[in-house]
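Dear colleague,

I am passing on to you the structure that we spoke about, and below it you will find my notes on what was found. Please read them with the model open beside you.

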Amino acid sequence: MRGLLLLVCCWLLPLQAAVDVEKTMKNMGFEFKQAIESSDRAQLVTHLNKLIRLTQQAQQASFPADKAGQFQQGLTEVLAELENAQQAAAEGNLQQAQQHLRQVDTLRKHYHKLRKVSFWQLLFG
């Protein structure tokens with residue numbers, strides 16, 4: 001019985017650990033767009049909650065060792081801005097929430113640049 005339980009746990013563990021970063025990021029992009037276009041507080045809060053969950057999910061992904069620290073730092077910064085936006089929205093300050101979302105977009109652009117490999121890096125490593 002103990003062996004069966006261990007076998008089931010070993011089988012399920014990779015399923016939990018594997019995060020499809022590409023799919024998660026696409027979902028984050030969709031929720032971000034919905035949030036930035038929200039003019040209603042309730043809708044904004046809903047999209048921010050989803051964004052926060054997706055960001056936390058993305059933090060569980062495995063990244064290339066050479067950039068894992070940078071990507072984790074970026075996700076931590078994004079999460080902080082999303083939580084600030086959530087707080088502002090909860091207080092009814094939609095303008096400030098939108099400002100935090102614009103900061104998230106700035107962070108997204110910055111960290112996506114780090115993801116791209118230059119032509120010269122491909123040639124010379």
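This is a predicted model: local features need pLDDT of at least 70, side-chain atom pairs count only at pLDDT 80 or more; totals for chains, interfaces and linings use all residues.

Ala80 counts as partly exposed because its relative accessibility is 35%, where buried means under 20% relative accessible area, exposed means over 50%, and partly exposed is what lies in between, computed with a 1.4 Å probe on protein chains only. This residue lies in helix H4, which covers residues 68-90; helices here are DSSP runs of H or I with at least four residues, strands are runs of E with at least two, and both are numbered from the N terminus. Although Ala80 and His100 are 20 residues apart along the chain, their C-alpha atoms are separated by 9.3 Å.

Residues are numbered from 1 along each chain as its sequence is written, and side-chain values use heavy atoms, with hydrogens and water left out.

As for the overall picture, the protein has six helices and zero strands, so that its elements, read from the N terminus, run α-α-α-α-α-α. Of its 125 residues, 30% count as buried. Among the contacts between residues at least 6 apart in sequence, 63% join residues at least 24 apart, contact meaning heavy atoms within 4.5 Å.

Helix H4 is also the place of Glu77, which counts as partly exposed because its relative accessibility is 27%. Leaving aside residues up to four places away in sequence, Glu77 touches Leu107 and Tyr111, and the C-alpha atoms of Glu77 and Leu107, which are 30 residues apart along the chain, are separated by 7.7 Å.

These residues belong to the packing of H4 and H5, whose members include Glu77 on the H4 side and Leu107 and Tyr111 on the H5 side. The axes of H4 and H5 are 8 Å apart and the angle is about 170°, where axes are lines fitted to C-alpha atoms, for helices over the stretch in contact, and angles run from 0 to 180 degrees between N-to-C directions. That angle makes H4 roughly antiparallel to H5, given that angles under 35 degrees count as roughly parallel, over 145 as roughly antiparallel, 65 to 115 as roughly perpendicular and the rest as oblique. By class, the residues of this contact divide into 12 nonpolar, seven polar and three charged; Ala, Val, Leu, Ile, Met, Phe, Trp, Tyr, Cys and Pro count as nonpolar, Asp, Glu, Lys and Arg as charged, and the others, Gly among them, as polar.

A second pair is formed by helix H2 (residues 21-37) and helix H3 (residues 41-59), whose axes come within 9 Å and cross at roughly 160°. The two are therefore roughly antiparallel to each other, and their crossing is left-handed, a term used if the near helix is turned anticlockwise from the far one by less than a right angle, with right-handed used if clockwise. Among the residues that make this contact are Met28, Phe32 and Ala35 of H2, together with Leu44, Leu51 and Leu54 of H3; in all, the contact has eight nonpolar, six polar and two charged residues.

In the loop between H2 and H3 you will find Ser38, which counts as buried because its relative accessibility is 9%. Ser38 touches Gln43, Leu44, His47 and Gln98, again not counting residues up to four places away in sequence.

H2 also packs against H5, at an angle of about 150° and with the axes 10 Å apart, and this crossing is likewise left-handed. Here Phe32, Ala35 and Ile36 in H2 meet Gln98, Leu101, Arg102, Val104 and Asp105 in H5.

Finally, which residues touch the most other members of the largest nonpolar core? Of its 25 residues, they are Leu44, Leu48, Leu51, Leu82, Ala97 and Leu101, a nonpolar core being a set of buried Ala, Val, Leu, Ile, Met, Phe, Trp, Tyr and Cys residues joined through side-chain atoms within 4.5 Å. H2, H3, H4 and helix H5 (94-115) each supply at least two residues of this core, and H4 gives the most, with eight. Leu101 touches Phe32, Ala35, Ile36, Leu44, Leu48, Leu51 and Leu82, not counting residues up to four places away in sequence.

With best wishes
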